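Subject: Structure handover

Hello,

I am passing this structure on to you, with notes on what was found in it. Please look it over before reading further.

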Amino acid sequence: MPSQSYQAFITRVREIQMAASIESLLEWDQETMLPPRGAELRAAQLGFIAGVSHERLTGSDFARLLEQAERESAGDPEVEPNLREMRRAFDRKVKLPTSLVQEIARTVSLAKEAWVRARKGSNFAAFAPHLEKLLDLKRQVAEKIGFTTEPYDALMDEYEPGARSADVQKVFDQVKKELVPLVAAIRSAPRRPDESVLKRHAPRETQAVLNRLIATAMGFDFDAGRLDVSTHPFCSGLTPQDVRLTTRYDEHYLPMSLFGVMHEAGHGLYEQGLDPAHAFTPLGQSVSLGIHESQSRMWENLVGRSRSFWLYFYPLLQAALPAWREVPLDDWYFAINTVKPSLIRVEADEVTYNLHIMLRFDLERRMLRGEIAVRDVPAAWNDAFKSLLGITPSSDAEGCLQDIHWSMGIFGYFPTYALGNLYACQFFKAANQALPDLPARIAHGELQPLRDWLRKNIHVHGQRYRADELVKRVTGRPLGHADFMEHLRSKYQPLYGLH
Ligand code: ZN
């Protein structure tokens, strides 16, 4: 039975997280429902609720509650993860002086505007001074938070707790060594897919019906979730019993919404699989962005872009969408697996995607360590791009100015996308070993065995284990590059007629 001081502590933790969850609900509403004139006072509502959660976390009595609970509940494995993760969140918050936090907020609001203009005119020089200032402020953040090897670790820890850049780099280097030649081979492959089959007419209402059918088959519970429309798709897990997905539609590009929904529903299944008994505490929350992304990418790419999946679902798609009746399954399957080095990260396929991330990871670390001057970033970007993907951006808008992250002072976030792809392959292989009939079940439209396996092995644990420990427990090994590369080779070499 947890101590009385722990009860007092966890009651406060629930208040903090409940305020954060109400904030997310307001944000979801802003992206999907809010009438245009509501925006101004919505900002005030958001500011208020963010303040509530901040005060409850940083106030002096939270420090006292946390210390008492730590003293009296030390060694209790049932409560240890909640103490560990709240200590981490608390330390990260209190180590940063308010003046620094405010200066970052001011700098970001100017930098974002400057970035929008700079990207529009493809004028990096106009953004450079803002980037320089943000890097300086983020170096200060890293110093305050503390790190053992390099400042990047302190920043990445916000998104991928416990990850170290030296370890990430080791895995990335191994991937790079094998992936660059594979991408080059695919570029000059004898076979090419006919991408025009993706651009046939698909009415929005029919797409919505298909989306719902597939998300339901995946095991997404529509009594504990919704699917709505927004400009940028996202998933917001307010509680395990209220998970909001969004998508957007293009009537002449079916994959956007189709795979977008499988991606967001993958995130959504993770949120619905968390233990409601631990709601609003770390034990009822996801491990990290990388682990979250492993769930979305597994459903989107490893399931949604597999042949087994379409053996069952393609006839349903053809029945719903007359424009596809004459398109053979093999043509569809090849087209949804188009691999093509492209300039824009968010449009990249599952083979080339990680190269976009590795380039950013490398540049961010060098910028933070001061090894590269900001003015040299465009040239360094273009050189790296050429050597990794074999093409060169024709402008900075299509190069180093394409992502919003840096203008928001976000450094150390990008690697979580690539880690997600790697975790996904390693988890999926473990799932296939545990459930040998999985491909056959998927080919019959039965997706729930996979969902149930993920729920039992990953979702329900919340933050009981850190990402590295979770991977070892679930797959028996630390994170590596082998399963990812094996997946790519076994799928794409035959598809593109390579040996
Ligand atoms: Zn995602």
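By class, which residues make up the lining of the largest cavity? Three are nonpolar, one is polar and four are charged. Please keep in mind that this is a predicted model.

Cavities

The structure holds three cavities of 30 Å³ or more. The largest cavity has about 60 Å³ of space. Its lining consists of Q169, F172, D173, K176, M358, F361, D362 and R365. Two helices each give at least two residues to this lining: helix 8, residues 165-187, and helix 14, residues 353-368.

The second largest cavity has about 40 Å³ of space. Around it are R297, N301, L302, E350, N421, A424, C425 and F484. Helix 11 (289-303) and helix 16 (415-434) each contribute at least two residues to the lining of this second largest cavity. Sorted by class, its lining has four nonpolar, two polar and two charged residues.

Second largest pocket

The volume of the second largest pocket is about 370 Å³. It is lined by 16 residues, of which L302, F428, N432, H487 and S490 are the closest to its centre. Helix 11, helix 16, helix 17 (438-443) and helix 20 (482-495) are the elements that give two or more residues to this lining. Helix 20 gives the most, with five residues. By class, the pocket lining has seven nonpolar, five polar and four charged residues.

Some names come up in both places. L302 is in the lining of the second largest cavity, and L302 is also listed among the residues closest to the centre of the second largest pocket. Helix 11 and helix 16 likewise supply residues to the cavity lining and to the pocket lining.

Zinc site

Which protein atoms are the donors of the zinc ion? They are NE2 of H263, NE2 of H267 and OE of E293, and they lie 2.1 to 2.3 Å from the ion. Along the sequence, the spacing of the donor residues is H-x3-H-x25-E. The two histidines both belong to helix 10 (residues 254-273); because H263 and H267 are four residues apart there, about one helical turn separates them.

Are the two histidines buried or exposed? A residue counts as buried under 20% relative accessible area. H263 has a relative accessible area of 12%, so H263 is buried. H267 is at 10% relative accessibility and therefore counts as buried too.

Strand 2 runs antiparallel to its partner, strand 3 (residues 242-247), and four bridges join the pair. As one example of a bridge partner, C235 has L245 in strand 3.

The lining of the largest cavity can then be found on helix 8 and helix 14.

Regards

Methods:
Residues numbered from 1 in each chain as written. Predicted model: local features only at pLDDT ≥ 70, side-chain atom pairs only at ≥ 80, totals over all residues. Heavy atoms only, no water. 1 Å grid on protein atoms, 1.4 Å probe; cavity = no way out; pocket = protein on both sides within 12 Å on 5 of 7 lines; lining within 4 Å. Points joined across faces, edges and corners; volume = space filled by probe spheres on them. Nonpolar A, V, L, I, M, F, W, Y, C, P; charged D, E, K, R; others polar. Donors = N, O, S within 2.8 Å, 3.2 Å for Na, K, Ca; no water. Buried < 20%, exposed > 50% of the residue type's maximum accessible area, 1.4 Å probe, protein only. Pairing = 2+ DSSP bridges.
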